[in-house]
Amino acid sequence: MYIPGWDIALSVFSRVLGVGCHLDQVDSSQMSAVFNLDEGTLVKIFSYLPIRDLVRASQVCKLWNRLSYDRLLWKIVDLKYFYRSLIDPITFQTQAFTRFAGKVNCLDLSGFTLTEETLGALATYCKELRVLKLKSVKFATLSNGAFTGNRGQNEIMFPSSLEYLDIRFSHGNPRVYMAIADQLSNVRWLGLCDPFFRAVSANGGLEKTIDSMKHLEKLDLSHCVLLKDRHLMGFARCSNLEVLSVRKCSFLTGSFVEHFLESCAELKTLILDGISLDDETLQRITWRYSSLKHLELGWCPLVTPTGLKTALPRIARIQTLEYLGLCAIGSGKALNDEILLDLGASLSYWRIRRLQSLNVSRSRSLTQLGVNEFNKICPFIELLDTTDCPAIYSCHSTLCSEAFDSFQDDKTSKFTTTPGVELFRQRNGSISTTQFARSKYTLETPL
C-alpha cells in the first residue's frame with residue numbers, strides 16, 4: 001500500500017539520521033511533508049530503524065522523542081553490539097532501562113558484563129520480559145551501591161517470568177547461577193553452560209531445579225564439556241521435552257538415550273554429534289520407543305563400522321524420521337558402501353518414506369558406485385549430502401546454488417553427486433546441515 005509522502009519521508013530520514021547531518025541541511029518543503037505524516041505512519045517508519053538510528057530520531061523534536069518511546073518499538077531489543085559503550089552499570093541502567101523498562105519483551109545482552117545490580121534492575125523494571133539472551137556474558141560480583149529492590153542485601157534478583165533463556169558460554173559469579181536456577185519454572189527454551197551445572201550441583205540443588213521445569217520443551221547443552229550422563233538423566237523427567245542438543249559434550253557416552261526415548265514421548269529432535277558414543281552403547285539402543293523427526297549422530301569419533309552396521313537397520317525403523325545426520329561419523333571411517341546399502345535396504349523393507357534428508361558428508365569410505373546404488377534403492381530421499389567425500393564426484397557450483405535457493409522457501413530438491421561433472425568442493429558447510437540449522441527445531445534461531 002502506497003503512503004502519500006513516503007518517498008520524501010525516506011529521503012529526509014536518510015539525511016537526518018546520517019552522521020554529522022543537521023535539520024538545517026534538509027529542504028524545508030520536504031521537512032514539512034514529513035511532519036504532516038500521522039503518528040501511526042511515523043511509528044511504522046520508526047519500526048524499521050535499528051536502535052542507533054532510533055535514538056538519533058528521538059533527538060529531532062518532542063514529537064519524535066515521544067513516538068520513539070512507543071511500546072511497539074521496544075518489544076525486541078538487541079544490545080549485543082553495544083556492550084562496549086554500555087559496559088558501565090550506571091550508564092547501562094540510566095541509558096537502557098529508562099527507554100525500554102516496562103516495554104521490552106525480548107532482550108539480547110550477549111557479550112555484556114552484568115553485575116548483580118543490573119540483574120536486579122531487570123527483574124524489577126522489565127516485568128514484560130519473556131525472552132532473555134545472555135550468551136557469552138560475564139556475571140560480575142556485587143558492585144558498590146548495588147540494586148537489591150525489596151529483597152535482602154545478600155539475595156540476587158533475576159527475572160522470574162522468562163519463557164526463553166540462553167546462558168550458553170557464560171561465566172562468572174556462582175551466586176548468579178543459583179539465582180537463575182530458582183527462576184526456571186516457566187521456561188520453555190533453555191540453553192545452559194558448565195558454570196551453571198557446577199554451581200547448582202555443588203549446592204545439591206540440581207534435582208530440585210530440574211523438577212521445577214514443568215514446561216521445558218527445548219534444551220541446548222552444547223559444549224558443556226563437564227556434563228556427564230548421570231547429570232543429564234534427570235532431564236528425562238521433563239515430559240514435554242521436544243528438542244535435546246548435547247553437541248560437543250565430550251564426556252557424555254550416550255547411555256542416557258534409551259531412557260530419554262522411553263520417558264519423553266514428545267521428543268522430536270536429538271542432536272548427539274561429537275559425544276563419546278561407542279559401539280557398545282550404540283548397539284544397546286533399540287530405538288523402538290522413538291518418534292524422532294531429526295537425529296544427528298555426526299562427528300562421534302568412537303563409532304566403528306561394526307557398531308554402525310548394527311544400529312542403522314534399527315534406526316531405519318523409525319517411522320517419523322525426516323533427517324538423519326552421519327557426517328564424519330567415526331572420524332569419517334565408519335560409513336562405507338556396504339553399510340549405506342544396508343540402510344537403503346532396511347528403509348525399503350520397512351517402507352519408510354518420510355526420510356527426506358540424509359547427511360553422509362566427510363565419509364572417506366563411500367564411493368560413487370555405492371551412492372548410485374543407494375539412489376536406486378531409495379529414490380524418495382530428496383537430499384543426499386555427500387559434501388567432502390573424497391571418493392565421490394562433487395557437484396557443480398550451479399547445482400549447489402540451486403539447492404541452497406530451494407531451501408529459502410522451505411522446499412527441497414533432488415541433490416546428489418553426479419558422475420562426470422566438474423570436480424567442485426563446496427566449503428561453506430554441508431547443505432543438509434544448513435537446512436537443518438534453519439529449522440524450527442534448533443535453538444540458534446529462537447522464537
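**Exercise 1. Helix H8 and its cover**

Task: In this predicted model, identify which residues of H8 are buried, and state what covers them.

Solution. Step 1: The buried residues of H8 are Val176, Tyr177, Ala179, Ile180 and Ala181. Step 2: The elements that cover these residues include the helices H7, H9 and H10. Three strands also belong to the cover, namely E5 (138-139), E6 (164-166) and E7 (171-172).

**Exercise 2. Two residues classified by accessibility**

Task: Decide whether glutamate 116 is buried or exposed, and then classify valine 225.

Solution. Step 1: The cut-off for buried is under 20% relative accessible area, and exposed requires over 50%. Step 2: Glutamate 116 has a relative accessibility of 6%, and therefore counts as buried. Step 3: Valine 225 has a relative accessibility of 36%, so this residue counts as partly exposed. Step 4: Valine 225 is situated in the loop between strand E9 (218-220) and helix H11 (229-233). Together with Leu226 and Phe251, Val225 forms a nonpolar surface patch with about 260 Å² of accessible area.

**Exercise 3. The largest nonpolar core**

Task: State which residues touch the most other members of the largest nonpolar core, and which helix gives the largest share.

Solution. Step 1: The core holds 96 residues, and Phe196, Phe235 and Trp287 touch the most other members. Step 2: Helices that each supply at least two residues of this core include H7, H8 (174-181), H9 (194-202), H10 (206-211) and H12 (257-263). Step 3: The largest share of the core, 5 residues, comes from H8.

**Exercise 4. The chain as a whole**

Task: Describe the chain by its secondary structure, its burial and its contacts.

Solution. Step 1: The chain has 18 helices and 15 strands. Step 2: Of its 447 residues, 51% count as buried. Step 3: Among contacts with a separation of 6 or more, 77% are accounted for by residues 24 or more positions apart. Step 4: The accessible surface amounts to about 20,600 Å², with 51% belonging to carbon and sulfur atoms.

Definitions and conventions
Residues are numbered from 1 along each chain as its sequence is written. This is a predicted model: local features need pLDDT of at least 70, side-chain atom pairs count only at pLDDT 80 or more; totals for chains, interfaces and linings use all residues. Side-chain values use heavy atoms; hydrogens and water are left out. Helices (H or I, at least four residues) and strands (E, at least two) are DSSP runs, numbered from the N terminus. Buried means under 20% relative accessible area, exposed over 50%, partly exposed in between (1.4 Å probe, protein chains only). Contact means heavy atoms within 4.5 Å. Accessible areas come from the Shrake-Rupley method with a 1.4 Å probe; for residues, only the protein chains shown count as cover. Patches are made of residues with over 30% relative accessible area and no salt bridge: like charges are joined within 9 Å, nonpolar side chains (Val, Leu, Ile, Met, Phe, Trp, Tyr) within 5 Å. A salt bridge is a side-chain nitrogen of Lys or Arg within 4 Å of a carboxyl oxygen of Asp or Glu. A nonpolar core is a set of buried Ala, Val, Leu, Ile, Met, Phe, Trp, Tyr and Cys residues joined through side-chain atoms within 4.5 Å.
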